[in-house]
Amino acid sequence: MAFNLVLFGGTGDLAWRKLMPALFQAFRHGTLPEGGRIIGVARDEMSDVQYRELIRSRFDQVELAKRPSTEEFDRFASLLHYQRMDLSKPDAYATLKARLDERAAETTVMYLAVSPHLFTAVAEQLGAAGLNTPSTRLVLEKPLGHDLASNRAINQTVLKFFSEKQVFRIDHYLGKPSVQNLMALRFANALFEPVWRREHIANIQITIAEDLGVEKRGGYYDGIGALRDMVQNHALQLLCAIAMEPPINAHADAIRDEKLKVLRSLKRWTPATLASHVVRGQYAEGNIGGNKVPGYLQETGVNTASQTETFVALRAEIANWRWAGVPFYIRTGKRMAGREAHIVVNFHATPHAIFQTPNGGANKLVIHLQPKDGLELHLMAQAQANRRDTNSLSLTQLDLDFDKRFGTERVGAYERLLLDVIDGRLNLFVRSDEQEEAWRWVEPVLTHWQQDTNLPRQYTAGSWGPSAASGMIAKDGFCWEEES
Ligand code: NAP
């Protein structure tokens with residue numbers, strides 16, 4: 001299938017660090033449809049050959065399972081082209097159209113790997129230039145706005161020129177194999193459904209921890225913070241995957257309808273819950289891997305009086321029959337004790353104990369998202385270490401490591417998502433109403449912080465966040481996964 005993939009922002013960080021390696025992997029795996037053109041777009045003057053050399057030099061800096069040989073890279077590079085274009089100049093779109101018209105293609109993907117302030121102008125200009133034909137697909141990278149109003153404004157403009165079915169809003173967490181496996185676990189196995197509810201589940205924890213700080217992006221991050229950067233999109237999408245009802249089929253809208261219902265069922269904030277169910281933090285100087293690292297306020301580009309949160313922990317509840325009363329704890333931050341993302345489903349303890357068990361005999365299911373990718377079911381078992389004590393049980397795990405089971409050369413998140421865009425599969429992309437509902441839920445927290453006279457709580461770089469986050473969950477009688 002011949003396709004055009006126009007990569008607006010073709011020289012940017014996202015393009016060379018994530019998108020080009022993902023396209024290369026698809027090419028290597030033989031899944032990238034034949035006869036495609038990948039056209040990088042930016043403002044620098046460059047020929048196709050120079051663009052290929054630029055991407056080749058950047059490949060030396062990216063992680064790949066196996067380095068390409070010169071010959072292999074050359075074959076991939078023959079798909080790469082370059083178009084100089086200033087996206088703010090309407091005339092430039094006619095030039096792009098002429099370039100695309102040179103060769104017929106069944107699908108044209110317009111990937112906006114540029115700053116979101118350009119999204120509406122680009123959508124309008126693509127429409128004005130007649131580049132919004134039914135075979136065109138528009139890919140929008142996060143962040144889509146910084147609040148509900150700006151998100152709506154982008155969506156409304158985009159939807160004037162493209163139908164919802166043509167718009168692919170990326171949340172790369174949805175492309176992770178473990179998130180797809182979570183759906184498989186829930187909706188392709190009858191085993192878990194009967195216990196996947198309030199009667200059996202005590203609490204659910206979602207952690208997305210990074211050990212990196214803001215690196216060179218302090219100026220950008222300072223206007224954003226952890227709630228906008230991680231919770232509004234990735235964490236809430238994970239919560240939807242965990243909490244949604246079984247969709248009627250595996251089609252995109254059936255799945256998105258169920259996710260939307262979860263977002264609509266999230267209990268709204270009150271002054272009391274804003275005060276007690278949200279903790280914001282900011283990292284202070286500390287140690288990561290034996291190296292001293294600066295605090296957030298000392299990072300380049302960050303305002304020295306900044307109140308931007310680099311950590312957030314919150315307690316959510318879903319007001320429906322399945323989940324009423326079950327706390328969902330979300331926690332994410334930078335400069336934490338490790339790079340780790342996981343979901344923990346904590347089941348209730350046994351109703352009556354005939355053995356001595358750790359943790360009252362409560363089982364848990366841990367879904368590892370990164371760096372490990374797999375499932376662990378924690379069960380009680382007779383370890384028989386002490387042959388005279390047959391009454392005491394130990395905790396052990398059924399451990400399903402997807403990398404070991406299915407191989408590490410599996411399809412990466414961006415590879416999966418790019419192939420889905422080219423093929424027109426919307427399942428792993430976010431619909432505008434989902435995105436708006438997620439903004440509607442987080443916005444009161446942002447407003448509360450603007451008026452809050454309490455500063456973000458400091459936490460030492462290399463820790464699991466401020467102690468208040470443990471205090472918040474302890475009020476319910478629980479603790480975070482690494483403390484259990
Ligand atoms: P970046 O490194 O600053 O790259 C921006 C790209 O856009 C460059 O190629 C730049 O080229 C081009 N560009 C900017 N203004 C342009 C204009 N008027 N006309 C044509 N091209 C223009 O940014 P990035 O990190 O790649 O991020 C791009 C988008 O993806 C942002 O919205 C970001 O939030 C999002 N995102 C990034 C990552 C990541 O890992 N980097 C992850 C998730 C989401 P010239 O300046 O040379 O024209």
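The questions and answers below concern a predicted model.

Visitor: Which helix gives the most residues to the shell around the ligand?
Guide: The ligand is surrounded by 23 residues, and T11, D13, L14, R43 and L87 are the closest. By class, this shell holds ten nonpolar, five polar and eight charged residues. With four residues, the helix that gives the most to the shell is α1, residues 13-28.

Visitor: How far from an oxygen atom of the ligand does a polar side-chain atom of T11 lie?
Guide: A polar contact is a pair of N or O atoms within 3.5 Å. Y220 has a polar side-chain atom 3.3 Å from a ligand oxygen. For the polar side-chain atom of T11, the distance to an oxygen atom of the ligand is 2.7 Å.

Visitor: How much of the ligand's accessible area does the protein cover?
Guide: On its own, the ligand has 890 Å² of accessible area. Of that area, the protein covers 79%.

Visitor: Which strands stand at the edges of the open sheet of six strands?
Guide: The strands of this sheet follow the order β3-β2-β1-β4-β5-β6, with parallel pairing. An edge strand has a single partner, so one of its sides is left without a neighbour in the sheet. The edge strands are β3 (80-84) and β6 (167-169).

Visitor: Which residue of β4 stands opposite F3?
Guide: Strand β1, residues 3-8, pairs with strand β4, residues 107-112, in the parallel sense over six bridges. The residue of β4 that stands opposite F3 is T107.

Visitor: How many bridges join β15 to β16?
Guide: Strand β15 (residues 374-381) runs antiparallel to strand β14 (residues 364-370), and five bridges join the two. Strand β16 (residues 394-401) is also antiparallel to β15, and L379 has T396 as its bridge partner there. The number of bridges between β15 and β16 is eight.

Visitor: How many residues lie between β14 and β15 in their hairpin?
Guide: Across this pair, V366 stands opposite E376 in β15. Strand β15 is mostly covered, as six of its eight residues are buried. Between the two strands of the hairpin, the number of residues is three.

Visitor: In which loop is P371 found?
Guide: A cis peptide bond, with omega about 0°, joins Q370 and P371. The bond from K142 to P143 is cis as well, and P143 is placed in the loop between β5 (136-140) and α6 (148-161). P371 is found in the loop between β14 and β15.

Visitor: Is R335 buried or exposed?
Guide: R335 is a residue other than glycine with a positive phi, near 55°, and is found in the loop between β12 (327-333) and β13 (340-347). A residue counts as buried under 20% relative accessible area. The value for R335 is 10%, so R335 is buried.

Visitor: Is N359 buried or exposed?
Guide: N359, which is not a glycine, has a positive phi of about 60°, and its place is in the loop between β13 and β14. A residue counts as exposed over 50% relative accessible area. The value for N359 is 59%, and N359 is therefore exposed.

Notes: Residues are numbered from 1 along each chain as its sequence is written. This is a predicted model: local features need pLDDT of at least 70, side-chain atom pairs count only at pLDDT 80 or more; totals for chains, interfaces and linings use all residues. Side-chain values use heavy atoms; hydrogens and water are left out. A residue is near a molecule or strand if one of its heavy atoms lies within 4 Å of it. A polar contact is a pair of N or O atoms within 3.5 Å; within protein, one must be able to donate a hydrogen and the other to accept it, and residues adjacent in sequence count only if both atoms are side-chain atoms. Accessible areas come from the Shrake-Rupley method with a 1.4 Å probe; for residues, only the protein chains shown count as cover. Ala, Val, Leu, Ile, Met, Phe, Trp, Tyr, Cys and Pro count as nonpolar, Asp, Glu, Lys and Arg as charged, and the others, Gly among them, as polar. Buried means under 20% relative accessible area, exposed over 50%, partly exposed in between (1.4 Å probe, protein chains only). Two strands pair if DSSP finds at least two bridges between them.
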